[in-house]
Amino acid sequence: MRSAWAVAFLAASACQHVPAPASGSSGSSGPDLTSGDLASESSTAAAVVADLGLASGLVVRGATVVGVGRVDLLVRDGRIVELGEITENVAEIDARGQFVAPAFIDSHVHLAYAFDEPTLAAGGIAAAVDLAAPLGFLDELHEPLALIAAGPMITAIDGYPTQSWGAGGFGLEVDGVRAVRDAVDSLADAGAGVIKFPLGDAPSLTDDEIVALVGRAHDRGLKVVAHALGDAQARKAALLGVDVLAHTPVDPLTDETVEAWHSGAVISTLDAFGGSAVVVDNLRRLRAAGATVLYGTDLGNTGIPAIDPNEIALLVAAGLDGEAIIAAGTATAAGLWGFEGLGTLAAGARASFLLLERDPRIDPLVLATPLGVYIDGELQPEPFTADGGIKGG
Ligand SMILES: [Zn+2]
């Protein structure tokens with residue numbers, strides 16, 4: 001069996017009518033092309049595709065599509081065209097025995113800090129929410145990722161993170177209610193898709209400033225994310241109308257704080273703080289109270305530019321099963337942030353998905369080692385180096 005990446009390399013070679021490479025050490029398992037004989041080095045499936053002039057598109061044949069069942073999946077022009085029994089004469093990969101899940105959404109990254117968009121895409125990430133970057137980041141293109149970015153956090157004069165890691169423009173310092181509203185407007189006008197502020201040690205925004213920030217952001221159609229690691233800060237964030245916690249708080253939460261978040265959302269980032277028993281238990285309790293859990297890694301502060309097996313293992317420890325983890329990293333996040341066509345595998349959706357060796361609902365860690373990653377219908381470069389490490393990791 002060859003991995004999807006090996007198949008793609010064959011296709012590229014065949015288009016130029018050069019001999020296909022020897023199979024070498026590429027993956028020991030994975031989908032095969034069935035429209036040709038992969039055992040023959042001189043007559044590859046891809047060569048058949050090229051020579052017969054098949055219609056454009058790709059069929060992923062016979063995989064179990066998570067949430068749908070065992071179907072073929074027809075991809076064309078970056079979208080899923082149809083799920084069912086596909087008879088069209090297009091190139092195909094044999095994915096029988098494999099599983100297909102949506103590519104992931106990481107709801108907490110810092111791409112201005114480390115890594116880049118193509119690296120994340122290769123690691124199975126279709127979309128991300130960047131929760132603090134200098135203002136100029138909002139002007140940049142972020143293909144192939146779908147990206148929502150906060151730009152700089154709105155913070156008090158000399159407030160977090162301007163005196164520490166965020167000294168280079170990661171904070172927008174304000175003083176007063178009017179200045180807070182102007183800051184929200186300036187970020188929204190610059191293209192911010194979410195507003196973030198820190199709630200922690202002084203100097204911090206006042207309650208009046210926070211209320212003004214939340215109100216203005218909501219007027220502009222933007223959700224508000226708070227960095228609030230302590231119990232009192234997390235409770236205050238909920239009471240002042242904040243939508244999302246940037247992190248699972250790290251201090252033990254009171255029942256009152258947990259209950260205050262029953263209709264809010266929390267981005268997991270369990271591994272970013274070492275995955276302590278306290279932080280894991282906080283997430284378990286927040287979820288039990290009704291809070292929406294979003295998969296997020298704080299990439300930049302953590303170092304795996306892909307679906308992170310450490311984060312998944314900690315989500316399991318917090319009581320999430322495979323289906324819940326998939327939801328936290330796909331459909332739930334797409335719905336909360338408004339990523340069109342992502343997080344779902346339906347006709348018309350973006351063709352951004354993972355090919356998996358095992359059922360991620362039973363073994364969610366398999367999400368971190370996809371056999372193939374497609375983003376908008378494009379097979380991504382293999383993210384693993386020859387020695388099994390992750391590039392840039
Ligand atoms: Zn962060």
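Predicted model: local features only at pLDDT ≥ 70, side-chain atom pairs only at ≥ 80, totals over all residues.

Author: Strands, labelled E, are DSSP runs of at least two residues, and they are numbered from the N terminus.

Reader: Which other residue has a positive phi without being glycine?
Author: Asp-298 is one, with phi near 65°. Its place is the loop between strand E15 (292-294) and helix H9 (309-317). Asp-298 is also buried, since 24 other C-beta atoms lie within 10 Å.

Reader: Let us go back to E7 and E8. Which sheet do they belong to?
Author: They belong to an open sheet of three strands in the order E6-E7-E8, with parallel pairing. Strand E6 (104-109) and strand E8 (146-149) are the edge strands, each pairing on one side only. On average, neighbouring strands in this sheet are turned by 15° against each other, direction ignored.

Reader: How many bridges join E6 to E7?
Author: Four bridges join E6 to strand E7 (residues 125-130).

Reader: Which residues of E8 lie on each side?
Author: Ala-146 and Ile-148 are on one side, with Leu-147 and Ala-149 on the other. All of these are buried, so both faces of E8 are covered. In a regular strand the side chains alternate between the two faces of the sheet.

Reader: New topic: where is Lys-196, and what does it touch?
Author: Lys-196 is in strand E11. Leaving aside neighbours within four places in sequence, its contacts include Ala-132, Leu-131, Ala-150 and His-227. Met-153 is also among them; the C-alpha atoms of Lys-196 and Met-153 are separated by 5.0 Å, although the two residues are 43 residues apart along the chain.

Reader: Is Lys-196 buried or exposed?
Author: Lys-196 counts as buried, because 30 C-beta neighbours lie inside 10 Å.

Reader: Which peptide bonds are cis?
Author: The bond from Tyr-160 to Pro-161 is cis, with omega near 0°, and so is the bond from Ala-202 to Pro-203. Most peptide bonds are trans. Pro-161 is in the loop between strand E9 (153-156) and strand E10 (171-174), whereas Pro-203 is in the loop between strand E11 (194-198) and H5.

Reader: You mentioned H5. At what angle do H4 and H5 pack?
Author: Helix H4 (residues 177-189) and helix H5 (residues 207-219) pack at an angle of about 30°, with their axes 9 Å apart. H4 is therefore roughly parallel to H5. H4 passes H5 in a right-handed crossing.

Reader: Which residues meet there?
Author: Val-177, Val-180, Arg-181, Val-184 and Asp-185 in H4 meet residues of H5 including Asp-208, Ala-212, Leu-213 and Arg-216. By class, the contact of H4 with H5 has six nonpolar, no polar and five charged residues.

Notes
Residues numbered from 1 in each chain as written. Axes fitted to C-alpha atoms, helices over the stretch in contact; angles between N-to-C directions. Parallel < 35°, antiparallel > 145°, perpendicular 65-115°, else oblique. Left-handed = near helix turned anticlockwise from the far one by under 90°. Contact = placed C-beta atoms within 7 Å. Nonpolar A, V, L, I, M, F, W, Y, C, P; charged D, E, K, R; others polar. Pairing = 2+ DSSP bridges. Buried ≥ 20, exposed ≤ 12 C-beta atoms within 10 Å, placed from the backbone.
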